[in-house]
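Have the viewer open while you read.

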Amino acid sequence: MPGIPFGRSGIFLDGMHLCINIWGINMNKVEITDMELTEHLSSIMPDEMAVFVMADGRLRGAIFNGSNFVNQLRAQHRLGILETMLLGQACLGGAMMIPMMKGEEHVTVRYETDGPAKGFSVEADSKGTVRGYLFNESIPVTKPLENWNLKPFLGTGTMTVSTLHKEDREPFVSSVSVDSGNIAEDLAWYYRQSEQISTAFSTSIQMDKKGRVVGAGGMFLQVMPETGGKRSSGAAKTSSSDVKSDDELLSRAELAFKTCPSLGQWFSEKGNFEDLIYGLFREFKPSIALKRKVRYDCPCNEESFLNYLRSLPKKELEDIKKNGPDPLEITCRNCGSVYKISTGTI
């Protein structure tokens, strides 16, 4: 399926957010019914993430084939082409944060901007689950698009990252200003400003001439602390030659990262991440540490919404049962799942 490459890039805690240890396959999954698309997706590499290390432990990274992942989030939210490109890249960026999580961790990225898209919310969990939604799922387009630059739709704003561990009572929250219109670059900017860690992100979505997602992927590369690799724990740089050596290493790694082909196109053409890792970064002697699944999913289910309805004030419940509609149609904002609940079960 020849296609048009959609450019590169990189949670909001609300009443339906529960706890990281309940995440599972719960949402009302929308079936993808386009047979030509499903046949294509079944012919390429299955969705999977490879986490790798290299340069004697000084660098780590991950590559994710998220072709089915992006198609699922698009189906859940019933998104158009532009909206799919925006939320798809946002959720791919969220997925690339998973390998950097420690223990049982839940991360929320809330991206609020002054552009017509208004922003998005993405949640990612250390167990490999991502969900997200756009603040505006019908982005106005006033003229034909000349390219896939998101800047006119995002504008400027703030990226707020909330991190919550299992034992935490409150999340740790950190914010940075963003104005690039490139989600991956803004994620990298966040890590440089807030975490003081040099990190690079890349995300890509490939669509065919009919606007179908035929490939999607993400990658990150991060410099490990100076005490990693061959240096002993707690050791510090003691000479200018150490600094020069690290600068040269980072410069070469950055060049290799930038030469990566469009991941969406690569996976759409039946490419695999092993060839990318061992090809792009061969001079750094990379090694794949693990492979894992990452899925688009949400902890919502019919029972949770039913319990919420039952908790409403008695007067409101009586009005619902009397005036309807019946059944009630409830949509989960976080994942787009639709639940039809009979008022007789409330």
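## His-165 at the end of a strand

His-165 counts as partly exposed because its relative accessibility is 22% (buried is under 20% relative accessible area, exposed is over 50%, and partly exposed is in between, with a 1.4 Å probe and protein chains only). His-165 lies in strand E7, residues 157–165; strands (E, at least two residues) and helices (H or I, at least four) are DSSP runs numbered from the N terminus. Leaving aside neighbours within four places in sequence, His-165 is in contact with Lys-102, Glu-104 and Glu-105, contact meaning heavy atoms within 4.5 Å. His-106 is 59 residues away from His-165 in sequence, yet their C-alpha atoms are 6.3 Å apart.

Residues are numbered from 1 along each chain as its sequence is written, and side-chain values use heavy atoms, with hydrogens and water left out.

The chain averages a pLDDT of 86, and 87% of the residues score at least 70; pLDDT is the predictor's confidence in each residue, from 0 to 100. Residues 1–25 stay under 50, though the model gives them 104 contacts beyond four places in sequence. Residues 228–239 are also below 50, and this stretch has 16 contacts beyond near neighbours in sequence. Where pLDDT is low, the predicted coordinates should not be read in detail.

## The largest cavity

Which elements supply at least two residues each to the lining of the largest cavity? They are helix H3 (81–96), strand E4 (105–113), strand E5 (119–125) and helix H5 (183–195). H3 gives the largest share, 3 residues. The cavity holds about 40 Å³ of space. As for terms, a cavity is a set of points on a 1 Å grid over the protein atoms alone where a 1.4 Å probe fits but cannot get out, and lining residues have an atom within 4 Å of a point. Grid points are joined across faces, edges and corners, and the volume is the space filled by probe spheres set on the points.

The lining has 9 nonpolar, 2 polar and no charged residues (Ala, Val, Leu, Ile, Met, Phe, Trp, Tyr, Cys and Pro count as nonpolar, Asp, Glu, Lys and Arg as charged, and the others, Gly among them, as polar). Among the lining residues are Gly-93, Gly-94, Met-97, Tyr-111, Phe-120 and Met-159.

## Aromatic pairs

The structure holds 9 aromatic pairs. Rings of Phe, Tyr and Trp (its six-membered ring) pair if their centres lie within 6.5 Å; planes under 30 degrees apart count as stacked, over 60 as edge-to-face and the rest as tilted. Phe-64 and Phe-69 are edge-to-face, because their ring centres are 5.4 Å apart and their planes sit at 80°. Both of these residues are buried.

Two of the cavity-lining residues, Tyr-111 and Phe-120, form a stacked pair, 4.6 Å centre to centre with 15° between the planes. Tyr-111 is buried at 0% relative accessibility, and Phe-120 is buried at 2%. Elsewhere, Tyr-190, Tyr-191, Phe-201 and Phe-220 form one aromatic cluster.

## Helix H2 and what follows

Why is helix H2 (residues 67–77) described as largely enclosed by the rest of the structure? Because 10 of its 11 residues are buried, including Phe-69, Arg-74 and His-77. Just after H2 comes Arg-78, in the loop between H2 and H3. Arg-78 is exposed at 53% relative accessibility.

Most residues other than glycine have a negative phi, and most peptide bonds are trans. Arg-78 has a positive phi near 55°. Ala-55 also has a positive phi, of about 55°; Ala-55 is found in the loop between strand E2 (48–54) and strand E3 (59–65), and is buried at 13%. The peptide bond from Asp-326 to Pro-327 is cis, with omega near 5°, and Pro-327 falls in the loop between helix H10 (314–323) and strand E13 (328–331).

Ala-55 and Phe-284 are 229 residues apart along the chain, with their C-alpha atoms separated by 4.7 Å. Phe-284 is found in the loop between helix H8 (273–280) and strand E11 (287–292) and is buried at 4% relative accessibility. Not counting residues up to four places away in sequence, Phe-284 touches Met-54, Ala-55, Leu-249, Arg-252, Ala-253 and Ala-256.

Conventions
On a 1 Å grid over the protein atoms alone, a cavity is a set of points where a 1.4 Å probe fits but cannot get out, and a pocket is an open set with protein on both sides within 12 Å along at least five of seven lines; lining residues have an atom within 4 Å of a point.
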